[in-house]
There are 2 protein chains.
Amino acid sequence: MNPRIEAYQARIEQVLDRCLSLPDAGSARLREGMRYSVLGGGKRLRPILVYSTGEALGAPLEHLDVPAAAVELVHVYSLVHDDLPAMDDDDLRRGRPTCHRAFDEATAILVGDALQALAFDVLAHDASGPASATARLEMIRLLAHASGTSGMAGGQAIDLASVGQKLTAEAVENMHRRKTGALIQCSVLLGATAAGIAPGAELDALKRFGADIGLAFQIQDDILDVEGDPAIIGKTAGADTARNKPTYPSTVGLEAARSRAHALCEAAIAALAPLGARAQPLLELARYVVNRSR
Amino acid sequence: MNPRIEAYQARIEQVLDRCLSLPDAGSARLREGMRYSVLGGGKRLRPILVYSTGEALGAPLEHLDVPAAAVELVHVYSLVHDDLPAMDDDDLRRGRPTCHRAFDEATAILVGDALQALAFDVLAHDASGPASATARLEMIRLLAHASGTSGMAGGQAIDLASVGQKLTAEAVENMHRRKTGALIQCSVLLGATAAGIAPGAELDALKRFGADIGLAFQIQDDILDVEGDPAIIGKTAGADTARNKPTYPSTVGLEAARSRAHALCEAAIAALAPLGARAQPLLELARYVVNRSR
């Protein structure tokens with residue numbers, strides 16, 4: 001990573017901390033569960049994509065804070081719920097006990113629910129920047145669509161239905177594009193929308209870029225699940241295999257998975273041509289997505 | 001109930017059916033779980049409040065369909081999650097097996113998550129009627145606020161933290177206002193916002209009305225938990241007592257609970273004075289809220 005990325009990571013940590021100050025969250029336990037799950041960890045890839053895309057298109061950072069926080073809140077809520085005993089039953093997340101282990105199951109369910117509501121709350125309340133009501137509605141539309149049955153929740157449903165199944169590579173890609181890819185693509189589009197992009201070649205390029213790195217990210221996740229170091233990835237390795245879940249490597253083999261991830265990265269980079277030199281920070285992110293070790 | 005209410009109930013059933021057509025929800029199980037949980041039951045009080053308030057202020061029904069559906073989707077998601085084994089562990093809802101009983105726990109978690117996303121999705125996409133982008137943002141703001149830590153999720157957190165505790169009547173009221181009252185008040189305000197209400201005496205009157213009937217509704221719910229007929233209320237009676245949860249009757253006694261509910265109903269009705277004769281349908285609803293047997 002580079003200093004620009006580190007600055008984004010430090011910035012989003014502060015923004016999320018503010019979003020989660022919640023002086024009256026009902027119970028202290030709910031507030032602490034939300035803060036524990038969101039703060040103090042995570043790669044923050046989605047906020048980094050919002051900031052990088054928005055800055056590439058000329059938006060000041062303070063206009064990007066709220067969409068960056070909103071997409072991370074949705075991402076974290078999905079992790080908290082996916083980790084529950086009835087779902088993936090994971091004990092470790094970002095190197096620490098998962099929310100339901102550190103607190104309890106009921107709190108973890110509620111933490112996820114409240115984080116989802118908070119994501120839409122901060123977007124709807126955002127009065128920073130010149131974003132018109134229309135642009136703010138569009139951001140809510142993007143986030144709701146990427147989170148629901150068409151995106152993340154639908155992908156998770158495919159994931160649940162696929163345990164023990166033999167899927168085609170295309171079916172695994174469809175699952176990955178929805179479960180992970182939709183929210184990553186959404187991050188790119190949130191940054192673009194906050195920067196006031198108009199429909200056209202640049203927006204189409206960013207859509208394609210987001211879709212490709214979203215899928216590449218999840219394929220790399222599958223690869224790390226096979227060969228990653230638990231001390232580095234911060235969660236149990238081999239978990240997908242142990243759960244008998246179809247993954248990209250288990251479907252096409254590790255080598256083919258690696259080359260698919262790299263091909264998607266190159267396609268994502270090629271897609272950015274209409275943006276010219278401004279796309280440089282996004283190119284770096286595409287390479288990070290497939291070369292990361294956590 | 002009267003023919004107007006029955007017409008609203010039939011109408012919202014169709015609107016919800018359309019919202020849940022979801023040709024590509026990921027898995028058939030997720031789609032069926034969402035449809036099972038939302039369709040074919042329920043009093044539909046919240047949509048009825050959206051329609052009644054909106055019509056009282058002159059809005060055509062087709063401008064009220066989407067906010068009416070959105071608030072019901074949030075309400076149903078909260079029921080699905082509240083019924084989970086880690087929460088209230090309920091087997092029966094609206095006279096049928098709860099979602100996690102009819103499907104499974106993982107599906108029920110996902111059904112709730114996807115319904116919440118869908119609620120914001122339909123509001124953000126709503127292109128019906130003349131509601132400006134500003135009014136639509138305001139509706140999203142109202143729904144997110146009523147759903148999150150300041151409202152429903154925060155109230156549920158107090159509920160979880162209160163098991164086995166002795167609360168004051170004020171503390172029980174705070175819990176009820178958030179857990180149930182916030183979304184009921186939100187329903188009134190969604191109808192008013194969709195009808196294009198401006199800040200002023202009428203909006204203030206509706207806020208007060210919504211807050212009072214919201215609390216009255218939950219007190220009546222507590223009363224029915226003590227003395228209701230399971231065959232009529234469609235869920236297990238005595239459940240709160242069995243779980244050692246503080247309720248309004250357990251805190252102040254059944255008679256005092258009844259008279260508080262009636263006093264709130266009268267206060268709600270009195271609050272509507274600025275609306276004059278147009279408030280008649282809302283008056284009927286206030287009386288229904290405290291006289292209902294299910």
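This is a predicted model: local features need pLDDT of at least 70, side-chain atom pairs count only at pLDDT 80 or more; totals for chains, interfaces and linings use all residues.

User: Let's start with the two chains. How many residues of chain B are in contact with chain A?

Analyst: As a general idea, the size of an interface is often given as the accessible area lost when the parts come together. Here we can count residues instead: 45 residues of chain B are in contact with 45 residues of chain A. On the chain B side, α2 (28-38), α6 (105-125), α7 (133-147) and α8 (152-161) each supply at least two residues. The largest share comes from α6(B), with 13 residues. By class, the side of chain B that touches chain A has 23 nonpolar, 14 polar and eight charged residues.

User: What rotation superposes chain B on chain A?

Analyst: A rotation of 180° does it, with 0.0 Å of shift along its axis and an RMSD of 0.0 Å. The two copies are thus related as by a two-fold rotation axis. If you want a landmark in chain B, look for B:Ala133: its C-alpha is the nearest to the axis in that chain, 2.8 Å away. Also, 100% of the interface residues of chain B are interface residues in chain A too, so the copies meet through the same surface.

User: Now the inside. Which residues touch the most other members of the largest nonpolar core?

Analyst: The general idea is that in soluble globular proteins, nonpolar side chains tend to be buried together. In this model, the largest nonpolar core has 190 residues, and those touching the most other members are A:Ile140, A:Leu143, A:Ala216, B:Ile140, B:Leu143 and B:Ala216. Take A:Ile140 and leave aside its neighbours within four places in sequence: A:Ile140 is in contact with A:Phe120, A:Leu123 and A:Ala124, and also with B:Phe120, B:Ala124 and B:Ile140 of the other chain.

User: What about a whole helix? Is α8 of chain A mostly covered or mostly open?

Analyst: Mostly covered: α8(A) spans residues 152-162, and nine of its 11 residues are buried. Among the buried ones are A:Met152, A:Gln156, A:Asp159 and A:Leu160. The cover includes α4 (65-82), α7 (133-147) and α9 (169-194) of chain A, together with α2 and α6 of chain B. After α8(A) comes A:Gly164, whose phi is positive, near 80°.

User: How do I read two helices packed against each other?

Analyst: You describe them by the angle between their axes and the distance between the axes. From α3(A), the contact uses A:Ile48, A:Leu49, A:Ser52, A:Thr53 and A:Ala56, and from α15(A), A:Pro281, A:Leu282 and A:Leu285. This contact has six nonpolar, two polar and no charged residues.

User: At what angle do α2(A) and α6(A) pack?

Analyst: About 70°, with the axes 9 Å apart. These two helices are therefore roughly perpendicular to each other. Residues of α2(A), including A:Gly33 and A:Met34, meet residues of α6(A), including A:Ala108 and A:Val111. The contact divides into seven nonpolar, three polar and one charged.

User: Can we zoom in on single residues? Why does A:Ala108 count as buried?

Analyst: You count neighbours, and 20 or more other C-beta atoms within 10 Å means buried. A:Ala108 has 23 C-beta neighbours inside 10 Å, so it counts as buried. Its place is in helix α6 of chain A. For contrast, look at B:Ala28 in helix α2 of chain B: with 10 C-beta neighbours inside 10 Å, B:Ala28 counts as exposed.

User: Last one: what should I look for in phi angles?

Analyst: Most residues other than glycine have a negative phi. Now look at A:Asp89, a residue other than glycine with a positive phi near 50°. A:Asp89 is in the loop between α4 and β1 (92-93) of chain A and is partly exposed, with 14 other C-beta atoms within 10 Å. A:Arg94 has a positive phi too, about 55°, although it is not a glycine. You'll find A:Arg94 in the loop between β1 and β2 (96-97) of chain A, and with 17 C-beta neighbours inside 10 Å, A:Arg94 counts as partly exposed.

Key: Residues are numbered from 1 along each chain as its sequence is written. Chains are lettered from A and ligands numbered from 1 in the order in which they are written. Two residues are in contact if their C-beta atoms, placed from the backbone, lie within 7 Å. Helices (H or I, at least four residues) and strands (E, at least two) are DSSP runs, numbered from the N terminus. Ala, Val, Leu, Ile, Met, Phe, Trp, Tyr, Cys and Pro count as nonpolar, Asp, Glu, Lys and Arg as charged, and the others, Gly among them, as polar. Copies are superposed by least squares on the C-alpha atoms of residues with pLDDT of at least 70 in both. A nonpolar core is a set of buried Ala, Val, Leu, Ile, Met, Phe, Trp, Tyr and Cys residues joined through C-beta atoms within 7 Å. A residue is buried if 20 or more other C-beta atoms lie within 10 Å of its own, exposed if 12 or fewer, and partly exposed in between; C-beta atoms are placed from the backbone. Axes are lines fitted to C-alpha atoms, for helices over the stretch in contact, and angles run from 0 to 180 degrees between N-to-C directions. Angles under 35 degrees count as roughly parallel, over 145 as roughly antiparallel, 65 to 115 as roughly perpendicular and the rest as oblique.
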